[in-house]
Amino acid sequence: DVLPSPDGPEPSVSVTEIRQYLRAHGIPFHDGYSCLHTPSLFTGGHADQPPAAAAGAPYTLFIDKTTGSFLCTATLAEGTWQDFQANVELRHRGIPPASSEEMEEDMRQACEDARCIWDRALPLWELLDEDETNKTKAMFGISLVTDATLKRFGVRYLRTAKSLVFPWFSPRNAALKGLKLVRVEKKGDTIAYVEETLPRFDSYHNLFGLPLIGSRDTELVLTGWELDALALHQAAGVASLALPRGATCLPPTLLPYLEQFKRITLWLGEDLRSWEAAKLFARKLSLKRCSLVRPGNLQPRPLEALNQGLNFTKILRAALPASHKSIISFRQLREEVFGELVNTEQVAGIKWMRFPELNKLLKGHRKGELTVFTGPTGSGKTTFISEYALDLCMQGVCTLWGSFEINNVRLAKIMLTQFAGQRLEDQLELYDEWADRFEDLPLYFMTFHGQQNIKTVIDTMQHAVYMYDITHVVIDNLQFMMGHDHMSVDR
């Protein structure tokens, strides 16, 4: 995914400008948590009348306060702030806005593939015998999850792939839009869950459980995993949704669907990364309505809490408000300090898999730290740093590259070779397979090259942090970005 290029980045728009524009065009709106709500331009109504004229029209169009992009939940039309303005102008000229029914070919193909898999998958309770059902449930650690819960959420099992199948239904018409397949891989004593989605990860924006939410629900628990949403619903009877990529990111396209909730509790997982992610997501969702469940021995992830027979109501009641007051006492910090002492390994950051010696020096990758690598030209800085960043990216650290010295194609070629661990030019028939896997990494490139205006670069970084929850930025290299005329200035 390439971020907007420097010659034509999305002009940033402030929420004040958005409000002024809506008022000037007689479009009614009200202020939500992370979006402004207006009646949709895309549902019914005559082209020549403003949307306000459709008296009592439901407010189904949401405008993101940070970026200005919009989504209509009734028709699934979406676009940038510029697209929104263009549609308003067209409407004034009596031209109805284009509908967004034309699905891209890739999406249509993904839908068809998903439908084929879905038809082949069986509900878990319809497997041949009870023994197979019990073994399958035990393998995924869901022995205590009832058939009624699995049925309610529509979870199925694909025998040939030994995978659980989680559906993505459109909240608008309950059509199947995609799937997530989860299988278990055993490595020694540890078990890992491997996920695959249709459509691909960057287009997979499913809030699992959304069609089950009622229009009157005002409280929600947001989890990082489908099985956690099942456990929460079963044990506490609360409205619960799972994010499509867990604690990795919260795509802004999902924010409109979360606007109806007055209170959101984030219970993403049991490690420190989930805790950090919860704090980041709460800022996007508006701090004043969010509470966070702090990971700890007595507060593991929801599925684990169900298996241990813990009291969910008690855990949810103990969730901490996300908005801290400006001044607090040690008493309020006490639990957090204890958490840091218990999890010293995790506090040290995310370890590199390929560089054990580096872990001794830097402990791990932590947000908010700056590391400077220096060395003469040709000493291997770029080669090393691309391997160093790839290592973290493969562990789910959302990474943004600013390569000001070599172009993105060459950089991506280096990284793909390092990712595959072999010379692909000698085995071109393997290219697509490795490229597909590489494409699923949370990796983004800035499209700048050579000397740049610092403000433009910083704005692009901020945009990337909001859109893709970037937690690791690489600048290669400072000298090229600043240009040679800054050499004498104290940088």
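Two residues are in contact when heavy atoms of theirs lie within 4.5 Å. On that basis, residues 24 or more positions apart account for 65% of the contacts in this protein with a separation of 6 or more. The model is a predicted one. The protein has 491 residues, of which 44% count as buried, and contains 17 helices and 18 strands.

The description may start with strands S2, S3 and S4. Strand S2, residues 35–38, pairs with S3 in the antiparallel sense over four bridges; within this pairing, Leu36 has Ile63 of S3 as its bridge partner. S3 also pairs with strand S4, residues 70–72, again in the antiparallel sense, through three bridges. Here the bridge partner of Leu61 is Cys72 in S4. In a regular strand, side chains alternate between the two faces of the sheet. Strand S3, residues 61–64, is covered on both faces: Leu61 and Ile63 are buried on one side, and Phe62 and Asp64 are buried on the other. The hairpin of S3 and S4 has five residues between the strands, and Gly68 in that hairpin takes a positive phi near 85 degrees.

Further along the chain, some backbone features deserve attention. Most residues other than glycine have a negative phi, and most peptide bonds are trans. Lys162 has a positive phi near 50 degrees although the residue is not glycine. Lys162 is found in the loop between strand S7 (156–158) and strand S8 (163–169), and counts as exposed because its relative accessibility is 53%, where the cut-off for exposed is over 50%. Pro199 belongs to the loop between strand S10 (190–198) and strand S11 (219–223).

Helix H6 spans residues 226–236, and its buried residues include Glu226, Leu227, Asp228, Ala229, Leu230, Ala231 and Leu232. Just after H6, Gly237 takes a positive phi of about 65 degrees.

Helix H7, residues 272–285, holds Ala278. Is Ala278 buried or exposed? Ala278 has a relative accessible area of 3% and is therefore buried, the limit for that class being under 20%. Ala278 touches Leu266, Leu268 and Leu292, when residues up to four places away in sequence are not counted. The C-alpha atoms of Ala278 and Ala247 are separated by 7.4 Å, although these residues are 31 positions apart along the chain.

An α-helix has 3.6 residues a turn, so residues three or four places apart point the same way. Phe330, Leu333, Val337 and Leu341 form a nonpolar patch on the surface, and together they have about 380 Å² of accessible area. Leu333 lies in helix H10, residues 330–342. With 33% relative accessibility, Leu333 counts as partly exposed. The patch criterion asks for over 30% relative accessible area, so Leu333 can be a member without counting as exposed.

Strand S16, residues 399–403, pairs with S18 in the parallel sense over five bridges, and Ser403 has Asp476 of S18 as its bridge partner.

Which backbone angle of Asp469 is positive, although the residue is not a glycine? The angle is phi, at about 50 degrees. Asp469 is placed in the loop between helix H16 (454–468) and S18. Asp469 is buried because its relative accessible area is 1%. The other positive phi outside glycine described here, at Lys162, belongs to a residue that counts as exposed.

Key: Residues are numbered from 1 along each chain as its sequence is written. This is a predicted model: local features need pLDDT of at least 70, side-chain atom pairs count only at pLDDT 80 or more; totals for chains, interfaces and linings use all residues. Side-chain values use heavy atoms; hydrogens and water are left out. Two strands pair if DSSP finds at least two bridges between them. Helices (H or I, at least four residues) and strands (E, at least two) are DSSP runs, numbered from the N terminus. Buried means under 20% relative accessible area, exposed over 50%, partly exposed in between (1.4 Å probe, protein chains only). Patches are made of residues with over 30% relative accessible area and no salt bridge: like charges are joined within 9 Å, nonpolar side chains (Val, Leu, Ile, Met, Phe, Trp, Tyr) within 5 Å. Accessible areas come from the Shrake-Rupley method with a 1.4 Å probe; for residues, only the protein chains shown count as cover. A salt bridge is a side-chain nitrogen of Lys or Arg within 4 Å of a carboxyl oxygen of Asp or Glu.
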